[in-house]
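Subject: Structure for you to look over

Dear colleague,

I am passing on the structure we talked about, together with some notes on what turned up in it. Please keep it open beside you as you read.

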Amino acid sequence: MSDKWKNALFWAVSLILVAGTVFFISSGMLPFAAVLCVAPLLGFTMVRAFDNRLLSLSFILIADFCIPVLEHYLVGMSMGLLMDAMICFNLAAIACSAMNGTRSTNVITLDLFIAIGIWLIYCIVELLNPNMRSIGVWLSAVRSMALYFFMVAIIVELSVTDFKQLMTILSIWSVFVLVAFAKLMYQKYIGWTPGDKFFLNVMDGKRTHIIYYGIRYFSIFSDAANFGGSMGMSVVVFSIVGMHLKSIKTKLYYFAVAACACVGMFLSGTRSALPVPVAGIMAYLVLVKDFKKMVPIAMVCAIAVGILAFTDIGQSNTAIRRARTIFHREEDLSYQVRKQNQEALRGYMKELPFGNGLGMSAGRAQRNGDYSPLTYYPTDSWIVQLWVETGIVGLVIYLCVMLYIFARAAYIVFFKIGNRDLAGICAGLLAGVMGLFVMSTNNEVFTQFPNSILVYISLTLVFLAPQLEKTISEK
């Protein structure tokens, strides 16, 4: 953006802010006046972001974690619009930089975009599904299901150009994990905020979060399952990142972040989150090929799984007792109910090879006017939701696309990255995503905020790693 346009924008925005502040103060609306007083700093930062792609990318991360918080206060509003705005802002910043001659040095990884594009095209074709009620319903569902992945991958590939910027993204992520931990401690030892009370009492969150064995904490997230899954992925990512950094202070910081995330995962009371660190660490052991770390980590995981599966140690502790039910499914009533629901769905889905339409499953469908027998059964997991909404055809395409992305990313970590520290960090990112994907077979958190954006950024960074390695070599 040229200096002439920057100056014009600065004066126009300043006049609007001053006029607005005077109006709100004179009208007695002091909160709105306070917001406008802070707006210049935000405005200046956004102007600077046009010349700094990493700064503009950080807006996506900030919005990603703010959206679940805002959902507890601004009920009825589509918070996804905030992410839409941030994505459009980033694309505009990239376009302006390109017009000013500042082009990214990265080469787009076509295989990633071809894979995502195949899934996006299928979702677009779902518009022709006769069960779709409106374009608005489809548009609301397709963003998190496919469109965000495609757009975020473009933004990351054109914004992150060296290893230091990758570490900056991880630093921003880690700060929000600590914020989530601080909010968790506030909920546990001080009490509920007004937004928390609204979620529990008005939005009926109390029914699933304050139950017979205690409280399922949700921190700054939309619900406890979302919180537990995200913290499980953070445990994997930041514990592994800490192992592959040379600075002792930085190591200790990321290990502390991983420890906070681990506490959050357990206090969420989400049993389906426990396989995330287990599956993630197992994936890491395969990816990293570091036998010195592999043996002790594998032993710790084996001991933990063995204690839960074959002993009664810690049975008096509620969290441990619930965790142990993962290995005794025949005693888990909720698991039995899920199996019954899936058996019932299987009968209806035989006649819907292309699904019931995007956004047209369970309560989502009923909110859009579809009360067919299919919609009375909860989907309970991301994989089952995909099956109901896109059919067996869509589910097979999605699984093939994701398996290709995982396999290709693993190949990159195995053979394309020579720097051991970068390879280890990318292995941690990929392992965290794989762990969360395992959880998606029992929960719907894979495409919820903030997990979906973290998944898309992590996978894109792994595909981008061979180009980032060159910057390490040059330095």
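The notes below go from the chain as a whole to single residues.

Please bear in mind throughout that this is a predicted model. The chain holds 19 helices and 2 strands, and of its 475 residues 50% count as buried. Among the contacts with a separation of 6 or more, 74% are made by residues 24 or more positions apart. The accessible surface comes to about 22,200 Å², and 70% of that surface belongs to carbon and sulfur atoms.

In soluble globular proteins, nonpolar side chains tend to be buried together. In this chain the largest nonpolar core has 129 residues, and those with the most contacts inside it are Leu170, Trp173 and Ile405. Helix H17, which covers residues 382-416, gives this core its largest share, 16 residues.

The largest cavity

A search of the whole structure finds 2 cavities of 30 Å³ or more, and the largest cavity contains about 90 Å³ of space. Its lining is made up of Ile116, Trp119, Met145, Ala146, Phe149, Trp382, Tyr398, Val401, Met402, Phe446, Thr447 and Tyr456. Helix H5 (110-125), helix H6 (135-159) and H17 each supply at least two of the lining residues, and H17 provides the largest share, with 4 residues.

Helix H11

Helix H11 runs over residues 248-267, and because each of its 20 residues is taken at 1.5 Å, it should span 28 Å; the C-alpha atoms at its ends are 29 Å apart, which agrees. Its buried residues are Lys251, Tyr254, Val257, Ala258, Cys260, Ala261, Gly264 and Met265. An α-helix has 3.6 residues a turn, so residues three or four places apart point the same way. Helix H7 (163-189), helix H10 (224-243) and helix H12 (275-288) are included in what covers the buried residues of H11. After H11 comes Gly269, with a positive phi near 70°.

Backbone points to check

Most residues other than glycine have a negative phi, and most peptide bonds are trans. Phe449 and Pro450 are joined by a cis peptide bond, with omega at about 0°, and Pro450 is found in the loop between helix H18 (420-439) and helix H19 (451-474).

Ser219 is not a glycine, yet its phi is positive, at about 55°; this residue has its place in the loop between strand S2 (214-215) and H10. Is Ser219 buried or exposed? Ser219 counts as buried because its relative accessible area is 0%, and the cut-off for buried is under 20%.

Asp380, likewise a residue other than glycine, has a positive phi near 70° and is found in the loop between helix H16 (362-367) and H17. Its relative accessible area is 22%, so Asp380 is partly exposed.

Pairs of residues

Val69 lies in helix H3, residues 53-71, and is partly exposed, with a relative accessible area of 30%. Val69 and Phe221 are 152 residues apart in sequence, while their C-alpha atoms are 6.2 Å apart in space.

Leu70 also lies in helix H3 and is partly exposed, with a relative accessible area of 30%. From Leu70 to Ser222 there are 152 residues in sequence and 9.1 Å in space, C-alpha to C-alpha. Apart from its neighbours within four places in sequence, Leu70 is in contact with Met79 and Leu82.

The last pair is separated by 10 residues in sequence: Gln366 and Tyr376 are 8.4 Å apart, C-alpha to C-alpha. Gln366 is found in helix H16 and, leaving aside neighbours within four places in sequence, is in contact with Tyr371, Thr375 and Tyr376.

With best regards

How values were computed: Residues are numbered from 1 along each chain as its sequence is written. This is a predicted model: local features need pLDDT of at least 70, side-chain atom pairs count only at pLDDT 80 or more; totals for chains, interfaces and linings use all residues. Side-chain values use heavy atoms; hydrogens and water are left out. Buried means under 20% relative accessible area, exposed over 50%, partly exposed in between (1.4 Å probe, protein chains only). Contact means heavy atoms within 4.5 Å. Accessible areas come from the Shrake-Rupley method with a 1.4 Å probe; for residues, only the protein chains shown count as cover. A nonpolar core is a set of buried Ala, Val, Leu, Ile, Met, Phe, Trp, Tyr and Cys residues joined through side-chain atoms within 4.5 Å. The expected span of a helix is 1.5 Å times one less than its number of residues. On a 1 Å grid over the protein atoms alone, a cavity is a set of points where a 1.4 Å probe fits but cannot get out, and a pocket is an open set with protein on both sides within 12 Å along at least five of seven lines; lining residues have an atom within 4 Å of a point. Grid points are joined across faces, edges and corners, and a volume is the space filled by probe spheres set on the points.
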